[in-house]
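Please report on the model shown here.

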Amino acid sequence: MTVDYSKLWKKCIDKRMTKMQLKDAAHISYNAVAKMGKNEPVSLETLEKVCRVLECNVGDVIEFDIDKEGDSDK
């Protein structure tokens with residue numbers, strides 16, 4: 001299963017927010033932003049902070065593709 005944050009980056013574009021602005025507003029680490037940029041898993045706490053800033057639900061920013069294998073399956 002792989003993680004896809006494409007919806008997150010689209011939502012940031014719609015709100016005219018850069019990744020660094022999201023990092024600062026959500027009080028998340030640069031490492032968390034980098035992981036999301038590489039479609040790697042992050043904590044639920046991180047996703048909650050992002051969703052609070054973007055005023056959305058987790059399903060609005062992340063998708064799982066159960067047909068693809070990712071590094072997290074190893």
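Predicted model: local features only at pLDDT ≥ 70, side-chain atom pairs only at ≥ 80, totals over all residues.

How many disulfides does the count come to? The count comes to zero.

**Cysteines**

The cysteine sulfur closest to that of Cys51 belongs to Cys56, at 4.0 Å. A disulfide needs the two sulfur atoms within 2.5 Å, so the 4.0 Å between Cys51 and Cys56 is too far for a bond. Cys56 is likewise in no disulfide, with the sulfur of Cys51 as its nearest cysteine sulfur. Buried or exposed, where does Cys51 fall? Cys51 is buried, with a relative accessible area of 6%. Cys56 has 14% relative accessibility and also counts as buried, because the cut-off for buried is under 20%.

**Confidence**

Mean pLDDT for the protein is 92. Of its residues, 91% reach 70 or more. Among the elements, helix 2 (residues 19–26) has the highest mean pLDDT, 98. Strand 2 (residues 63–65) has the lowest, 90.

**Fold and overall shape**

The protein has four helices and two strands. Along the sequence they follow the pattern β-α-α-α-α-β. Along the principal axes, the C-alpha atoms fill a box of roughly 35 × 20 × 20 Å.

Taking contacts between residues at least 6 apart in sequence, 67% join residues at least 24 apart. Buried residues make up 31% of the 74 residues. The protein exposes about 5,100 Å². Carbon and sulfur atoms supply 49% of that area.

**Thr46 in helix 4**

Helix 4 spans residues 44–54 and includes Thr46. Thr46 is buried, at 12% relative accessibility. Which residues does Thr46 contact, leaving aside neighbours within four places in sequence? They are Ile28 and Ala32.

**Salt bridges**

Side chains of opposite charge can pair when their charged atoms come close. The structure holds five salt bridges.

| Pair | Closest N and O atoms |
|---|---|
| Lys7 and Glu63 | 3.8 Å |
| Lys10 and Asp14 | 2.8 Å |
| Glu45 and Lys49 | 3.7 Å |

The pair Lys7 and Glu63 links distant parts of the chain. Lys7 sits in helix 1 (residues 6–14) and Glu63 in strand 2, 56 residues apart. Lys7 is partly exposed, at 32% relative accessibility. Glu63 is partly exposed too, at 39%.

The pair Lys10 and Asp14 lies in helix 1. What separates Lys10 and Asp14 in helix 1? They are four residues apart, so about one helical turn lies between them. Lys10 is partly exposed, with a relative accessible area of 47%.

The pair Glu45 and Lys49 lies in helix 4. Again the residues are four apart, which means a separation of about one helical turn. Glu45 counts as exposed, at 51% relative accessibility. Lys49 counts as partly exposed, at 29%.

How values were computed:
Residues numbered from 1 in each chain as written. Heavy atoms only, no water. Buried < 20%, exposed > 50% of the residue type's maximum accessible area, 1.4 Å probe, protein only. Contact = heavy atoms within 4.5 Å. pLDDT = per-residue confidence, 0-100. Areas by Shrake-Rupley, 256 points an atom, 1.4 Å probe, with all protein chains shown as cover. Salt bridge = Lys/Arg side-chain N within 4 Å of Asp/Glu carboxyl O.
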